[in-house]
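Trainee: I have the model open and would like to go through how its pieces pack. Can we start with a pair of helices?

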Amino acid sequence: MAQQVQGVIARAKGEPVRIETIIVPDPGPGEAVVKIQACGVCHTDLHYREGGINDDFPFLLGHEAAGVVESVGEGVTEVAVGDFVILNWRAVCGQCRACRRGRPQYCFDTHNAKQKMTLTDGTELSPALGIGAFAEKTLVAAGQCTKVDPAASPAAAGLLGCGVMAGIGAAINTGNVGRGDSVAVIGCGGVGNAAVVGARLAGAARIIAVDIDDKKLETAKNLGATHTVNSRSADPVEAVRELTGGNGADVVIEAVGRPETYEQAFYARDLAGTVVLVGVPTPEMKIELPLLDVFGRGGALKSSWYGDCLPSRDFPMLIDLYQQGRLDLDAFVTETIALEDVEKAFERMHHGDVLRSVVTF
């Protein structure tokens, strides 16, 4: 039987979000209803509110979440009622050409729940990234649920659902950072600092954090950066080269998503080094690089979408590291807040003094 719960809705571009009653239907075939325990406030949710993703208002925001499976539909075998799960926005199909080639992390036909959650007047909601977890309960495709150790803190575990996974994956999966490598991370917000953590987990010998904010650089240092560069006062390309014997870093991770910082990343890498773009640009942005430099410097220019993660592979492994004390996910939780404080969390995001505000239920 359909349930009424409270959720955070963005009704129109730029308008403050508000809490409204939503209708969550019973799960159909291949679907699950999850009782949300925690959900991080990600910049992508703000993009939705500002109309930066699309204009399919009203949106049910929230996507960086963990919770407990309450009910499942017909044919669901991935999870069962009572499982503690992290939600992801890329349920793989298992049938597309990427999946058939053994590369499900690149699945070209990911899917979400087929049924729609609605407002009480029947208006269909667009769940953020197919999840919509700023709500007491949400309906998702069962493949969007990844079972992990229930002893993990929901506030910390849920962050693997988006930003932290994107950063760690940019280093480990996309950048293939190896033992002894030098790594530079440009942009030390939540994703960039997660890339610092990923580089440390992978065994990088030198991790250079670059940002214009000393507070963010201090956080990066606490999370494993061996060196920091404030690019307001120093040329980041020259600084990275100086810190790497004049060569440049083996891997440079760009976590800002702007043409000028991408160009810095391109020239801050060593010959045959790798650039990883994990920062999200806006549609009008363009880059211009001398083609001879692209050719002559060799190496690889990569994009990292969701950290090239495969949730079924990566989430349990990272939660195990968290439980062992080797991955400090708690450090990314700046504050826990109530559902009605999401709009205030968006305001704090602009000031740059939080890694993550996390809604807890």
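This is a predicted model: local features need pLDDT of at least 70, side-chain atom pairs count only at pLDDT 80 or more; totals for chains, interfaces and linings use all residues.

Trainee: What angle do H5 and H6 pack at, and how far apart are their axes?

Mentor: The angle is about 25° and the axes are 9 Å apart, with H5 covering residues 190-202 and H6 residues 214-223. Axes are lines fitted to C-alpha atoms, for helices over the stretch in contact, and angles run from 0 to 180 degrees between N-to-C directions. Helices are DSSP runs of H or I with at least four residues, strands are E runs of at least two, and both are numbered from the N terminus.

Trainee: Which residues in H5 meet which in H6?

Mentor: On the H5 side they are Asn-193, Val-196, Val-197 and Arg-200, and on the H6 side Lys-216, Thr-219, Ala-220 and Leu-223. Contact means heavy atoms within 4.5 Å.

Trainee: OK, now H4 and H5. What angle is it there?

Mentor: H4, residues 163-174, packs on H5 at about 45°, with the axes 7 Å apart. That makes H4 oblique to H5.

Trainee: How do the residues of that contact divide by class?

Mentor: The contact of H4 with H5 has 11 nonpolar, 3 polar and no charged residues. Ala, Val, Leu, Ile, Met, Phe, Trp, Tyr, Cys and Pro count as nonpolar, Asp, Glu, Lys and Arg as charged, and the others, Gly among them, as polar.

Trainee: Switching topic: is Asp-314 buried or exposed?

Mentor: Asp-314 counts as buried, at 3% relative accessibility. Buried means under 20% relative accessible area, exposed over 50%, and partly exposed in between, with a 1.4 Å probe and protein chains only.

Trainee: Where is Asp-314, and what does Asp-314 touch?

Mentor: Asp-314 sits in helix H10, residues 311-323. Leaving out residues up to four places away in sequence, Asp-314 touches Met-165, Asn-173 and Cys-309.

Trainee: Last one. Which residues are buried in H8?

Mentor: In H8, residues 259-268, they are Thr-261, Tyr-262, Ala-265, Phe-266, Tyr-267 and Ala-268. Their cover includes helix H7 (236-243) and strand E15 (269-277).

Definitions and conventions. Residues are numbered from 1 along each chain as its sequence is written. Side-chain values use heavy atoms; hydrogens and water are left out. Angles under 35 degrees count as roughly parallel, over 145 as roughly antiparallel, 65 to 115 as roughly perpendicular and the rest as oblique.
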